[in-house]
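I opened this entry to keep track of what I looked up, beginning with the metal site and then turning to the contact between the chains.

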Amino acid sequence: MVLVLLRALLTLSAMTNAEAALLERLQRDEPAAWRQLLERHGPALVAYARRICGDAAQAEELVQDAIVAIHGGIDRFEGRCSVKSWLYRAVHNRAIDALRRQRRFVDVDEAREDADWADRFDGGAWRAAPPPWCGSLDQRIDAKRALAVVERALPRLPTQHREVLWLKEVEGLDAVEICDALGISPANLRMCLHRARRALQQAVALELGSAAAEALTNLEA
Amino acid sequence: MSPRCAAILAQVDAFLDHERGALERLRFAAHLALCPPCDRYVRQLQEARRLLRLAATPSESDLAAARRLAVAHARPREAKG
Ligand SMILES: [Zn+2]
């Protein structure tokens, strides 16, 4: 008895009480529970899939396939990871497969990224200060312009950088959840996140570097 | 600018994610206060993350797709009763 309880406690430890209750209802195949799950997580999952694959129709298809797979495997889900990482993992796996099939998966070139970064320093000191950004920092830019900048900056990044940034900075998943969702180790995640943030800064710098920012302002004026 | 910039910036994630102890955060902040290039770089990193979050709200098309998925997934089994 104690063992059974202990095992239940251990398997559910990654989940909150509310999640465990929802999981039970999902495993009983209550339609209302599935609707609740999709209403709560659906919009974010579709937004995530769209940022990873870059296409709204394909994103919907990917999430649809992920949900069907989740539904098929719900009895095997033991709550060793949070519901969120389980959902993102299903979408992640399908998105990566699709991108690879379409030869649109962009690998991280770690050696080149690290060499480019190292090139900015000489003996540990900056060779030149990072150029200032226009229309940002001083005059906080609004959501509409942020969207324009991000829409252009994000596709410049390798697939994994986009995923790590989205799950960490946007969805606010914790490290364990991200590792579960992407199937990477904590050490790997630390390096990925470091490189991804650096790459995001550079991609946004390309958009907000003086000339690009002026063009953007004129375009939107 | 100092020869410590690259080494300091290697620790930037711990600073952004509030992971280190108070003393280390203070040391990091002290470097930024004295080093305009690092200060600008870290501000730009933070701004890039802010922009990403600002732009992250699901679009109308995301919301519509999610509604379709929720309806499609709940309906057949409800019909079966
Ligand atoms: Zn410095």
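**Metal site**

I looked up the zinc ion and found that its donors are Cys5(B) through SG, His31(B) through NE2, and Cys35(B) and Cys38(B), each through SG, at 2.1 to 2.3 Å. I note at the outset that this is a predicted model, and I read the distances with that in mind.

I then asked what geometry the site of the zinc ion has. The angles among the four donor atoms run from 104 to 118°, and the site is tetrahedral. For reference I wrote down that the ideal angle for four tetrahedral donors is 109.5 degrees. Along the sequence, the donor residues follow the spacing C-x25-H-x3-C-x2-C.

**Interface of chain B and chain A**

I next looked up how the two chains meet, and found 43 residues of chain B in contact with 55 residues of chain A. Between them the chains bury about 4,200 Å², of which 66% is on carbon and sulfur atoms. On the side of chain B, the residues that lose the most area to chain A are Gln44(B), Leu52(B) and Leu69(B), which together make up 16% of what that side buries.

For polar pairing, I recorded 13 residue pairs in polar contact across the interface of chain B and chain A, counting pairs with both residues at pLDDT 80 or more. Which helices of chain B supply at least two residues each to the side that touches chain A? They are α1 (5–9), α2 (12–16), α4 (36–54) and α5 (60–80), and α4(B) gives the most, with 15 residues. Sorted by class, this side of chain B has 25 nonpolar, five polar and 13 charged residues.

**Salt bridges**

I counted salt bridges last, and the total over all chains is 21, while the count between chain B and chain A is six. Side chains of opposite charge can pair when their charged atoms come close.

I followed Asp17(B) in particular, which forms a salt bridge with Arg197(A), the closest N and O atoms being 2.8 Å apart. Asp17(B) also forms a salt bridge with Lys168(A), where the closest N and O atoms are 3.8 Å apart. Why does the pair of Asp17(B) and Lys168(A) join two chains? Asp17(B) lies in the loop between α2 and α3 (22–34) of chain B, whereas Lys168(A) lies in helix α8 (residues 159–170) of chain A, so the pair links one chain to the other.

Methods
Residues are numbered from 1 along each chain as its sequence is written. Chains are lettered from A and ligands numbered from 1 in the order in which they are written. This is a predicted model: local features need pLDDT of at least 70, side-chain atom pairs count only at pLDDT 80 or more; totals for chains, interfaces and linings use all residues. Side-chain values use heavy atoms; hydrogens and water are left out. Contact means heavy atoms within 4.5 Å. Buried area is the accessible area (1.4 Å probe) that two parts lose on being put together, summed over both. A salt bridge is a side-chain nitrogen of Lys or Arg within 4 Å of a carboxyl oxygen of Asp or Glu. A polar contact is a pair of N or O atoms within 3.5 Å; within protein, one must be able to donate a hydrogen and the other to accept it, and residues adjacent in sequence count only if both atoms are side-chain atoms. Helices (H or I, at least four residues) and strands (E, at least two) are DSSP runs, numbered from the N terminus. Ala, Val, Leu, Ile, Met, Phe, Trp, Tyr, Cys and Pro count as nonpolar, Asp, Glu, Lys and Arg as charged, and the others, Gly among them, as polar. Donors are N, O and S atoms within 2.8 Å of the metal (3.2 Å for Na, K and Ca); water is not among the atoms, so sites may look incomplete. Four donors count as tetrahedral if all angles lie between 85 and 135 degrees; four count as square planar and six as octahedral if opposite donors are over 155 degrees apart and all others between 65 and 115; anything else is irregular.
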